[in-house]
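Here are my comments on the structure, as numbered points. Please read them with the coordinates open.

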Amino acid sequence: MANVTVIGAQWGDEGKGKIVDWLASRADVVVRFQGGHNAGHTLVIDGKVFKLSLLPSGIVSGTMSMIGNGVVLDPWALRSEVEKLEGQGVTINDDNLAVADNCPLILPLHRDLDGLRETAAGKGKIGTTGRGIGPAYEDKVGRRAIRVCDLAHLDDLEPQLDRLCAHHDALRAGFDQPPVDRAALLAELRDVAPFVLRFAQPVWKRLKKVRKAGAKILFEGAQGVLLDVDHGTYPFVTSSNTVSGTAASGSGLGPNSTGYVLGIVKAYTTRVGSGPFPTELEDEVGKGIGERGHEFGTVTGRQRRVGWFDAVIVRQTCAVSGVTGIALTKIDVLDGLETVKICTGYRLRGNVYDYLPTHSADQASVEPIYEEMEGWSQSTVGARSYADLPANAIKYIQRITELIECPVALVSTSPERDDTILMRDPFVD
């Protein structure tokens, strides 16, 4: 039996929550390995909606869930999300949730800095969620982060606070803000520490134990490869590596443990916030797709930008992330369109490209080359076998697999967990 790593193969919002939840029922452990509570996963189970930002999607199905060291953890957001899910009837305790004790913390000062920078950037803003993710990762690599394990040693925190505040006080002064209130910060940490510490442990050690026992492990990524800090549309990216390789470093298991790589791909393309988007539709067709797909961010509530399926970028993300197979989601949103289009290449200054150029100005200037296909009038909603799909929908899926050079493992036909067509089982392939 293979382990499975799930990543988003576009700009995030591909429907990872439902797919991970569906896979979690077949797994023994689910591990989040990067990002923070800027991620947004929506699960619909028997008509009941669960919205997750930080917790692994497996928590709703009762699967053992772990937050790995590659995640930046807002302890107050964790407490709020746990309390909300418990209010919806989900059982969460230290038997089914573990938090890596070496996770860096997102603090109020990180949220402050995030907001101050975006406001000051004006037209140059990146479009962050404002939740402090970037500044927290900066402090991690700057070796001044406060980590989960430090919550058990708050009386010894002064030297770390000295390093942290020396950096942030200078930045805050540049924005005409007062220094960090160290006493208030310590008081907030003392308040939340007991809640977080009940889940804290060496996640790498527990993962090693369950792997040795033969457990099936599901590694859950956040955002999408096009938001990867190295491989994405820089600088309009997140602050972590979102590619599948991060599953190893962000969980504490080696690269030989991460198994089958499942790339989640929407049947069209969306992105939230600023940055290039070659196939973006700003007409009635795009508006209609966005309305039918309920394209609003789970975390931010912002309306997502919508465009045709871009086979160029998905082929590229599958390559850099070593995708074994894709899960195609939201095919039902395209029901009823007379024509559907797929981007097969780009034109830029008279040249044709089969990849997205690296420079942001070139990315913003490329002109998509489209291939048109006949749409389908029949509904795909709720289909649970490939034979139930309309012929033209099947042709569309087959053409996508040809262009991205990667097979389809799953097809999702509605937000409901069981409306899923299994073509290849990631846990056994």
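1. A residue counts as exposed when its relative accessible area is over 50%, and as buried when that area is under 20%; values in between are partly exposed. The model is a predicted one.

2. Check Arg349. Its relative accessibility is 63%, so Arg349 counts as exposed. Arg349 sits in the loop between E14 and strand E15 (351-353). Its phi is positive, about 50 degrees, although Arg349 is not a glycine.

3. Lys330 also deserves a look. This non-glycine residue has a positive phi, near 60 degrees. Lys330 belongs to the loop that links strand E13 (325-329) and strand E14 (339-348). With a relative accessible area of 23%, Lys330 is partly exposed.

4. Note the peptide bond between Tyr234 and Pro235. It is cis, with omega about 10 degrees. Pro235 falls in the loop between strand E8 (217-220) and helix H8 (246-249).

5. Beyond its neighbours within four places in sequence, Val4 contacts several residues, among them Leu23, Phe219, Tyr260, Pro426 and Phe427. Val4 and Val428 are 424 residues apart along the chain, yet their C-alpha atoms are separated by 9.5 Å.

6. Turn to the surface charges. Glu282, Asp283, Glu284 and Glu291 form a negative surface patch. Glu291 lies in helix H9 (residues 284-292). At 51% relative accessibility, Glu291 is over the 50% cut-off and therefore counts as exposed.

Definitions and conventions: Residues numbered from 1 in each chain as written. Predicted model: local features only at pLDDT ≥ 70, side-chain atom pairs only at ≥ 80, totals over all residues. Heavy atoms only, no water. Patch = residues over 30% accessible without salt bridge, like charges linked within 9 Å, V, L, I, M, F, W, Y side chains within 5 Å. Areas by Shrake-Rupley, 256 points an atom, 1.4 Å probe, with all protein chains shown as cover. Salt bridge = Lys/Arg side-chain N within 4 Å of Asp/Glu carboxyl O. Lys, Arg positive; Asp, Glu negative; His and termini not counted. Charge placed at Lys NZ, Arg CZ, Asp CG, Glu CD. Helix = DSSP H or I, 4+ residues; strand = E, 2+ residues; numbered from the N terminus. Buried < 20%, exposed > 50% of the residue type's maximum accessible area, 1.4 Å probe, protein only. Contact = heavy atoms within 4.5 Å.
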